[in-house]
Amino acid sequence: MVMSQRLTRDDVAHVARLARLRLSEAELDEFTPQLADVLAHAEDIERLDVGDVAPTAHPLPLRNVFRDDVVRPSIDRDEVLAAAPAAQDGQFRVPQILGEEQ
Amino acid sequence: MSDVPEGWELICGLEVHCELATTTKLFCGCRNRFGDDANTNVCPVCLGLPGSLPVLNGEAVEYAMKLGRALNCTVNASVFARKNYFYPDMPRDFQVTQFDRPTNTMGYLDLPAGKRIGVTRAHIEEDTGKTSHAGGDGRIHGAEYSLVDYNRAGVPLVEIVSEPDIRSADEAKAYVDELRKIVLAIGVSDAKMEEGSMRVDANVSVRPAGSTEFRTRCEIKNINSLSSIERAIRYEANRHIGLYDAGERPHQETRHWDEENQRTRAGRSKENSDDYRYFPEPDLLPLEPSAADIARIDASLPLLPAARRGRLADVATVSAERAGLIVDRGQDEFAFRAIGAGADPARVLVHIEQNLKDGFGAMGIDEFVRLVAMETENKLSATQTKQVLAELVAAGGSPEEVAKARGFEAMQSSDLAAIVDKIIAENPDDWQRFVAADDKDANKIYGFFAGLVMKATQGKADGKAVREIFMQRRA
Amino acid sequence: MTIGSAFDIAAQVRAGTRSARAVVDECLAAVDAREGDVHAFNLVLADQARAAADAIDARVANGEDPGPLAGVPVALKDNLCTRGLPTTCSSRILEGWRPPYDASVVQRIVAAGGIVVGKTNLDEFAMGSSTENSAFGPTRNPHDLSKVPGGSSGGSAAAVAAGFAALALGSDTGGSIRQPAALCGVVGVKPTYGLVSRYGLIAFASSLDQIGPFAANVRDAALLLEVIAGHDEMDSTSIPQASPSLVDVLDDGVDGLRVGIIEELSGEGIAPDVLAQLHAAATALEKAGAIVETASVPATIYGLSAYYLIAPAEASSNLARYDGVRYGNRVDGASTTEMMEATRTAGFGAEVKRRIMLGTYALSAGYYDAYYGKAQRVRTLIIRDFARAYERFDVLLCPTSPTTAFALGAKTADPLTMYLNDVCTIPSNLAGQPAMSVPFGVGDDGMPIGVQVLAPLQGEATMFRVAAVLEAAQKVGDHV
């Protein structure tokens, strides 16, 4: 069985939760076959035997790129917080965080 | 004291996060500094603003490799990865860390008592910002909310993961204590648990003694002092045992140490953290330190605490643990050289441990060595030596001149015996009690007599000699 | 249809024979006349552009040289950060956000005397091939308003094609510069990965994204690329070398150059009129002295599959930050998790959601090896096959887009059909290699066709020489 056939409506719902997206029932119906189509197209590489081929993460063979440990100016806090949807006391304000320690 | 009831064994591995003491953050030029006003050390990079890109701080990598080598690790070619999960303290909702190719692997740390604890890995990652809980203040219908400060976001960390080799709360504490000493010795972190620049998570499980299985472990977070490490681990191990005894079993979870109530509590729900979707960070390039880089780092490492303890223990013929106090105070080099110059090791250790807690002041090693010689040759009593020592520390000078100026010449033992006999004669009731007392009480009464002798001799008497005479008379 | 070449504008402005203000006014007049139909821009910076032009003119009057782009109007794709100016990625989620910094390329353009005239429309977060996925409505093809301009940099391509700007910048992750350039009849270049700094380009897929120029002609494209290329310490993946010399090699010709036509990308699935122009282009190169043969790069057929796993995977991570905490729009919720979900659900369009979910799936536990890991290995195969081809050839040739511009709405219902538009452009992104689209003839429908020239890493100079010959061949009518 190829992977794409395993993509169920529940998988899509799970992935949406992981990605912090809410999908309506109608969207689940729409997205599931669309994503399955793309994965079905990917069956061509799924079948390839590339176990002995190293993965490429970067197209360029650059290594060991560093900057010096030197201070550069930070940006003005008022400018930073002006962009925030909610701010208070020089900080970003968010609704209560559930299920986690502070 | 045993941590767990007989028949059980405690198993513990530690994950220690250590903030590196670089000038700037891991991926940008913002200051890496504790205690500044919220959100003042931020820029597009560490706020994760759209379009910004990370550029790696070379000094942080240098520090991480130093720490790796100090923990006897292999330094590898390494790759940064993104750990994806949503949390408001992470500006990009992923954390840059190292996953399958960490910088340091396969090291170890020797506890002062001798046991070797394996270090699985020590990898580089970025710190998160800080959220603080607020609200319930009536401003918005009493709603609760949190505030986020990103000053700490992007501060470089090394996470040191131990093997599950730790078998007691005491060992766990000793491990963290020793790790802290190493980090301080090589200068890569200020390692302050109270400021969070060193943070400890403990993976705790238990098993029946003699078994080799590994049972379900729980990760304890939020341990914020050296002393709470022991209590948290002990609590958690016994919680597991309680569950097993009741026919239940712990389930794998993250728990939090509740300092106020001295217990662990179930923490973050696992729904979010099950699947971190690690993949190589495309905005950063691999690290490939050369053999020359590693040789340079090795050469830059100072003698580490364990080696310093061993060195002092060897010359002083004491245990490494005994040498530990002096090493911890950074006074071992002085002691080592004084002994090397011929000073009596026992006296050197006693003086440094007891009389030189605040340092050597104006006193040079050579002067100290001559003073110890005067003492061991009985030219000065212990009390006199202590006084000369204090003056040398305060004002410098030569021990011979200081002793002479104070008129210190050791009393002849015959003179001392006469003084002792006179005091015995003058205090017959106390003497009778002294003779009749058991050893423990006799010691207390002896203090009274010794005080009278010192008063009579203006402190010139050698305490050891005085005690000998009294004990002879008592016998 | 254009305001004249950027090269000429800069020369005239620097010489004081034409005012930058006059150039900008001409541009803005073109915008006034046609922008309502085309909708190339999310934001037109009329006042700012006029003020910048006046400043350039003052500097020239003062005897200064404003630089190689003196007075040249440049349009910026709206995924490039501009300090204090709205930068939206054509997404609701960033509506109203004003970055506190300029992208490195924007700094370089301004430092070279260029004048930013506006921010151009794109498929939301550069995800798309038609610019129909914009939250602010589609851009239309200036050659035929019923057709798409291609995408995702459709606004930039249309702006140059309509004469709204002499030059534009786009970003190309899987063809997002070259395909709209082909569909709009302009030159579009995807440089070698790392040649142009990505600092300030809002990321789609970090290991594939590259900024590049749009221009009405090859020389202008070379001029703009020279200005924006070169090492930038703010981008770790930036090649540590100075900008290459390109304008100076344009007249070097192709005599003796070995040109390979990629057979895997020049057959099935490519429209006959597009193939006809490709072969006409090959003939033109032969006439100019090049040796043209068929080349095989077998692994390119896997490009599409690899791309549609790698790009969404990286995107799913890059787009996590739009969570309503620090900037952009927020939709409130009772908890932070609910707020984040509500914000992202309302803020992202369907295509962005599809790709985020696809990428999240490709990276998730149990599927990494089968999908993302596999795609990364296929990437190696493609690089290896290109390397073999470049042992025999100096450049490779194939179509840019399988068809000419299609009608608005024609492919929106079926994402996979839309993705197939990128089949010829994707391999270069996966390999990190440069490629450019040069207009070459028109299709049966009279719409522009682009021919794609591909080169090995940092092979821009040779690539531009070939492009210049193709362009010249057209000017003398030397094509079907």
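Two strands pair if DSSP finds at least two bridges between them, and I keep that rule beside me for the entries below.

**Ground rules.** I note that this is a predicted model, in which local features need pLDDT of at least 70 and side-chain atom pairs count only at pLDDT 80 or more, while totals for chains, interfaces and linings use all residues. Residues are numbered from 1 along each chain as its sequence is written, and chains are lettered from A and ligands numbered from 1 in the order in which they are written.

**Entry 1, strands in chain B.** I looked up S11 (residues 218-223) and S12 (residues 253-258) of chain B, and found them joined by four bridges and running parallel; strands here are DSSP runs of E with at least two residues, helices are runs of H or I with at least four, and both are numbered from the N terminus. Within this pair, B:Lys221 stands opposite B:His256 of S12(B). With helix H3 (residues 226-245) of chain B, S11(B) and S12(B) make a left-handed β-α-β unit; a crossover is called right-handed if, with the strands pointing away from the viewer, the path from the first strand over the helix to the second runs clockwise.

I then followed S12(B) to S13 (residues 263-266) of chain B, with which S12(B) pairs in the antiparallel sense over four bridges. B:Trp257 has B:Thr264 as its bridge partner in S13(B). The hairpin of S12(B) and S13(B) has four residues between the strands, and B:Gln262 there takes a positive phi near 55°.

Which strands make up the open sheet of four, and in what order? I read the order as S1(A)-S2(A)-S8(B)-S7(B), with antiparallel pairing. S1 (87-88) of chain A and S7 (130-135) of chain B stand at the edges with a single partner strand each, so one side of each has no neighbour in the sheet. Between the chains, four bridges join S2(A) to S8 (residues 144-149) of chain B, and six bridges join S7(B) to S8(B). I found B:Tyr145 in S8(B) to be the bridge partner of A:Pro95 and also of B:Ala134.

I noted 34 residues of chain A in contact with 44 residues of chain B, contact meaning that the C-beta atoms, placed from the backbone, lie within 7 Å. On the chain A side, helix H4 (77-82) and strand S2 (91-95) give two or more residues, and S2(A) has the largest share, five residues.

I found 15 helices and 11 strands in chain C. For 480 residues a compact globule would have a radius of gyration near 23 Å, and the 21 Å of chain C agrees; the radius is taken over C-alpha atoms, and the globule rule is 2.2 Å times the number of residues to the power 0.38. Of these 480 residues, 69% count as buried, which is to say that 20 or more other C-beta atoms lie within 10 Å of their own, whereas 12 or fewer make a residue exposed and anything in between partly exposed, with C-beta atoms placed from the backbone.

Technical notes:
Two residues are in contact if their C-beta atoms, placed from the backbone, lie within 7 Å.
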